[in-house]
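Please examine the sequence and the model first.

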Amino acid sequence: MEKGGVPTIDLQDFPGQFERLRKACEELGCFRIVNHNIPLPLMSEMKNVVRSLLDLPMEIKKRNTDVISGSGYMAPSQVNPLYEALGLFDMGSSQAVDTFCSQLDASPHHREVIEMYAKAIYELAMDLAKKLAQSMGLMRSDLFEGWPCQFRINKYNFTPEAVGSLGVQIHTDSGFLTILQDDENVGGLEVMDKSGAFVAVDPEPGTLLVNLGDIATVWSNGRLRTVKHRVQCKEATMRISIATFLLGPKGTALEAPAEFVDSEHPRLYTAFTFEDYRKLRLSTKLHSGEALELVRIQPSN
Ligand SMILES: O=C(O)CCC(=O)C(=O)O
Ligand SMILES: [Fe+2]
């Protein structure tokens, strides 16, 4: 382990980092990327935009309605009174980005920053997914074509009384992978390692964090690890994070590619759509990867 507790992947050092990337995804399901191609001024501009959107009056934020369940505005609730979020589905669609901006009366400048950021991060998510597939020996370039991305901007209003409590409960992300622009000053994110211990993910300005979600485990026939994580309130200050979730195939059932299945590695999961999996997680309230057990193929003996 390195500084901040999670492995670092240098995106300018490929093919050199393939092995390291694969190991990080199999053993922890989380890594930091450095030398990515998202310009630093765009990251900080985006953070300014996000902050001002989340500062809008509640009645405007409420216009950010769900497109798929849970994709829109989330007001502070009894479970998470310090947390609120705005969201956009899907950020690869310029029409959806446009609707999001219009609903929130975004200024032309804000709109421009959101469009640039959405485009750059979407391309990065696709690039990362392809690199990960390549690190596992899959060279096909069409593997993730058309997979939508959900975008969520999170704000934590940490108060002095909240120090020591949770900003976000333990969970796994449901999709394939998440790119997180975590707050560059305020820590609190923790990921669970194989031993069950929480590892603090300390901020490292200018870098991005990647988490694998449940769909990565299914897609890889069990080889990739969905990582449990949570956010702790460590200090009484505001924390902002910007998450992009590369979800799963749109409308079609997800199945691990044949390359991951052989007599020693029988198929582990039934074929299902991402939409059905998301509904399953919501209806069972199994948010930490346990719903994977429900879609496992039962051994026939
Ligand atoms: O705010 C963070 O650092 C993490 C947020 C998160 O886990 C999520 O949005 O799924
Ligand atoms: Fe998460």
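Q: How are the donor residues of the iron ion (ligand 2) spaced in sequence?
A: This is a predicted model. The protein donors of the iron ion are His-171 through NE2, Asp-173 through OD and His-229 through NE2. These donors lie 2.1 to 2.2 Å from the iron ion. Written as a sequence pattern, the spacing of the donor residues is H-x1-D-x55-H.

Q: How many residues apart in sequence are the parts that His-171 and His-229 tie together?
A: His-171 belongs to strand 5, and His-229 belongs to strand 10. The pair therefore ties together parts whose separation in sequence is 58 residues.

Q: Is His-229 buried or exposed?
A: A residue counts as buried when its relative accessible area is under 20%. His-171, at 17% relative accessibility, falls in that class. His-229 has a relative accessible area of 5%, so His-229 is likewise buried.

Q: Which strands stand at the edges of the open sheet?
A: The sheet is formed by 4 strands in the order 5-10-7-8, with antiparallel pairing. From one strand to the next, the twist averages 25°.

Q: What is the bridge partner of Glu-190 in strand 10?
A: Strand 7 (residues 189–192) and strand 10 (residues 229–232) run antiparallel and are joined by 3 bridges. In strand 10, the residue that partners Glu-190 is Arg-230.

Q: Against which elements do the buried residues of helix 1 pack?
A: Helix 1 covers residues 18–27, and its buried residues are Phe-18, Leu-21, Arg-22, Ala-24, Cys-25 and Glu-26. Just after helix 1, Gly-29 takes a positive phi of about 85°. The buried residues of the helix pack against strand 1 (8–10), strand 2 (30–34), helix 5 (108–135) and strand 9 (208–212).

Q: How do the residues of the contact of helix 1 with helix 5 divide into nonpolar, polar and charged?
A: Helix 1 contributes Phe-18, Leu-21, Arg-22 and Cys-25 to the contact. Helix 5 contributes Lys-131, Leu-132, Gln-134 and Ser-135. By class, these residues are 4 nonpolar, 2 polar and 2 charged.

Terms used: Residues numbered from 1 in each chain as written. Chains lettered and ligands numbered in written order. Predicted model: local features only at pLDDT ≥ 70, side-chain atom pairs only at ≥ 80, totals over all residues. Heavy atoms only, no water. Pairing = 2+ DSSP bridges. Helix = DSSP H or I, 4+ residues; strand = E, 2+ residues; numbered from the N terminus. Axes fitted to C-alpha atoms, helices over the stretch in contact; angles between N-to-C directions. Buried < 20%, exposed > 50% of the residue type's maximum accessible area, 1.4 Å probe, protein only. Contact = heavy atoms within 4.5 Å. Donors = N, O, S within 2.8 Å, 3.2 Å for Na, K, Ca; no water. Nonpolar A, V, L, I, M, F, W, Y, C, P; charged D, E, K, R; others polar.
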